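Subject: Structure handover

Hello,

Here is the structure we talked about. Please look through it before reading my notes, which follow below.

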Amino acid sequence: MGNRISLFVLTFAVFVFAACLDAGGGSNTSGGAAEIENPPAPAANPPSITGAEWREKHKLPVEKIKMPAGFKIDVFAYGITNARSLCLSPSGTLFVGNRRNNGNVYALKDTDGDFRADEVFVIAENLFMPNGVAFRDGDLYVAEVNRVIVFRDIKNRLANPPAYEVVTDAYPGDTHHGWKFIRFGPDGKLYVPVGAPCNVCERPDPYAGITRINHDGSGFEIVARGVRNTVGFDWHPVTKELWFTDNGRDMMGDDVPPDELNHAPRLGMHFGFPYFHGKGIPDPEFGNSAPAGPYTPAAMELGPHVASLGMRFYTGNMFPAEYRNQIFIAEHGSWNRTVPLGARVTLVKLGDDGEAKSYHVFAEGWQDAHGQRWGRPVDVELMPDGSMLVSDDHAGAIYRISYESN
Ligand SMILES: [Ca+2]
Ligand SMILES: [Ca+2]
């Protein structure tokens with residue numbers, strides 16, 4: 001008991017210290033809400049940073065989240081500063097990327113199976129916006145802005161992580177849209193996007209595209225072009241074809257252009273940026289000078305400025321059958337809009353023909369009607385039991401959404 005209390009006191013001290021360091025850095029969003037303090041840095045690993053006292057003190061208002069009947073949301077982890085991309089290893093370790101400069105990469109474990117993380121490890125510090133995490137054969141791959149690095153045998157070395165090896169440092173170093181989401185595809189290759197280093201501009205390869213490399217850094221290829229900034233993608237569980245979100249440009253007004261869900265069944269397709277947006281809205285600056293196409297329109301136009309980030313096909317067995325093989329999207333929420341839109345999880349449903357047919361709000365309530373936010377979803381990831389994790393870089397939390405039929 002004494003040990004538990006001293007851990008709580010220590011963790012609170014870390015929180016106060018981190019809150020000073022983070023002043024102004026944690027909630028620089030339009031409508032940044034003050035309901036939730038900046039999350040603390042995690043305690044030194046391993047010991048637990050959760051515990052009943054901690055949860056009570058830092059209770060997040062998840063009861064505000066509205067979802068269809070039968071769905072429930074709980075806090076899986078809290079105090080994970082700037083929690084961004086998620087990657088769950090086969091043995092159940094959740095790796096979490098971080099977009100902030102000097103950010104950490106975390107590993108979380110739920111050792112007692114109560115769906116709350118009880119161990120937090122800091123795998124690395126002082127990396128260059130290490131937003132992307134991917135797991136392969138016991139190794140953790142991390143995407144910084146200009147390179148991909150790997151922590152070998154991380155599976156067995158969470159408490160004593162090895163020095164990283166550089167897989168490739170051949171990517172551009174621009175920080176504007178430079179943070180990366182990465183994943184291994186069904187072909188075993190590592191998919192690495194390169195955002196446009198601007199709001200809207202024309203740049204040569206590999207900017208504004210998606211690339212892929214072999215796990216050893218060789219075999220660089222362009223997968224897609226005309227992609228402004230994708231921060232989330234997945235492969236259809238049946239067709240194995242690539243689908244990805246893309247963030248629309250700013251400064252064209254509150255309601256234009258839409259964010260996009262795109263479908264890339266082949267290599268080398270061009271998705272329009274910077275010439276066309278959505279399903280064919282010409283760009284006021286670049287639309288008239290577009291080279292000969294073809295350009296692939298968005299498979300689904302999402303809300304304007306919603307900042308669609310992570311996406312996953314739902315392949316679990318927990319949610320009702322209507323969700324199977326449909327697409328969940330984490331919408332981070334806008335800054336370039338009079339009343340911010342987003343800060344929610346949406347659902348795109350595909351028809352029997354494989355085309356995107358509908359777009360619905362699935363979970364909302366991180367933001368009120370005035371655009372005040374206490375949280376911002378970033379990525380989604382499925383757990384083996386079919387529940388879904390959602391990361392939140394604003395509240396520094398990871399939620400778990402589950403379903404129970406009555
Ligand atoms: Ca636990
Ligand atoms: Ca497009």
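In which loop does Ala-307 lie? Ala-307 is in the loop between β20 (300-304) and β21 (308-313). Its phi is near 60 degrees, a positive value in a residue other than glycine. Ala-307 counts as buried because it has 27 C-beta neighbours inside 10 Å, and 20 or more are required for that.

Before the rest, a word on confidence. This is a predicted model. The mean pLDDT of the protein chain is 87, and 85% of its residues reach 70 or more. Residues 1-51 have a pLDDT below 50, although this stretch makes 74 contacts in the model beyond near neighbours in sequence. Where pLDDT is low, the predicted coordinates should not be read in detail.

Another positive phi in a residue other than glycine belongs to Phe-115, near 65 degrees. Phe-115 sits in the loop between β4 (103-109) and β5 (119-127). With 15 C-beta neighbours inside 10 Å, Phe-115 is classed as partly exposed, since that class lies between exposed at 12 or fewer and buried at 20 or more.

Next, the cis peptide bonds. One joins Asp-205 and Pro-206, with omega about 5 degrees; Pro-206 is located in the loop between β11 (190-194) and β12. The bond from Val-256 to Pro-257 is also cis, and its omega is near -10 degrees. Pro-257 belongs to the loop between β15 (242-246) and β16 (258-264).

β2 runs antiparallel to strand β3 (residues 94-98), and four bridges join them. Within this pairing, Cys-87 stands opposite Phe-95 in β3. Five residues lie between the strands of the hairpin, where Gly-92 has a positive phi near 100 degrees.

Last, Asn-214. This residue is placed in the loop between β12 (209-213) and β13 (221-225). Is Asn-214 buried or partly exposed? Asn-214 counts as partly exposed, because it has 15 C-beta neighbours inside 10 Å. Leaving aside neighbours within four places in sequence, Asn-214 is in contact with Lys-189 and Gly-219. Its C-alpha atom is separated by 9.4 Å from that of Val-167, which is 47 residues apart along the chain.

Regards

Technical notes:
Residues numbered from 1 in each chain as written. Chains lettered and ligands numbered in written order. Predicted model: local features only at pLDDT ≥ 70, side-chain atom pairs only at ≥ 80, totals over all residues. Helix = DSSP H or I, 4+ residues; strand = E, 2+ residues; numbered from the N terminus. Contact = placed C-beta atoms within 7 Å. pLDDT = per-residue confidence, 0-100. Pairing = 2+ DSSP bridges.
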